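Here are my notes on this model, as numbered points. Please read them with the structure open.

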Amino acid sequence: QVQLVESGGGSVQSGGSLKLSCAATGNTDKTYSMGWSRQVPGKEREGVAAISPGGGISYYADFVKGRFTLSRDGAKATLFLQMNGLQPEDSAVYYCAASDFLLRSTSWYSADRYNYWGQGTQVTVSS
């Protein structure tokens, strides 16, 4: 079992930046695939980015490529999402997630591949 706590959300203007953090506690002796998803009211949760347990492989949704960067600090069991060039359409609740599975390019974006979820952090981008 692992617990995830997100932080770093907030309000910015279009073109601004935010850095989200996700701290994992509990059974952090095991490394997990981890990722970020986001959700707006009335829409399904969508995968934003994911990273392999060792941090060597990352996946990004097309709509964030070149703007968002995912990284992890294994020693501190922390996941980061640097978000640059934010646009109003990026406004959502962002959720950190961890998976017992080794995620692949065909599965990382599926919410049902993740076992553990944080409570979410709100990101609001104004035009």
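1. Start at Gly120. Gly120 sits in the loop between strand E10 (116-117) and strand E11 (121-126). Strands (E, at least two residues) and helices (H or I, at least four) are DSSP runs, numbered from the N terminus.

2. A word on the basis. This is a predicted model: local features need pLDDT of at least 70, side-chain atom pairs count only at pLDDT 80 or more, and totals for chains, interfaces and linings use all residues. Residues are numbered from 1 along each chain as its sequence is written, and side-chain values use heavy atoms, with hydrogens and water left out.

3. Is Gly120 buried or exposed? Gly120 is buried, at a relative accessible area of 16%. Buried means under 20% relative accessible area, exposed over 50%, and partly exposed in between (1.4 Å probe, protein chains only).

4. Next, the surroundings of Gly120. Neighbours within four places in sequence aside, Gly120 is in contact with Glu6, Val93, Tyr94 and Tyr95. Contact means heavy atoms within 4.5 Å.

5. The whole structure has one, where a disulfide is a pair of cysteine sulfur atoms within 2.5 Å. Cys22 and Cys96 form it, with their sulfur atoms 2.0 Å apart. Cys22 belongs to strand E3 (residues 18-26) and Cys96 to strand E9 (residues 92-99), so the pair ties together parts 74 residues apart in sequence. The torsion about the S-S bond is about -80°, so the disulfide is left-handed. Cys22 is buried, at 0% relative accessibility. Cys96 is buried too, also at 0%.

6. Now the whole chain. The protein chain has eleven strands and zero helices. Of its 127 residues, 42% count as buried. Residues 24 or more positions apart account for 58% of the contacts with a separation of 6 or more.

7. Overall dimensions. A compact globule of 127 residues would have a radius of gyration near 14 Å, and the protein chain agrees at 13 Å. The radius is taken over C-alpha atoms; the globule rule is 2.2 Å times the number of residues to the power 0.38. The C-alpha trace spans about 40 × 30 × 25 Å along its principal axes.

8. Last, the surface. The accessible surface of the protein chain is about 6400 Å², and 48% of this belongs to carbon and sulfur atoms. Areas come from the Shrake-Rupley method with a 1.4 Å probe.
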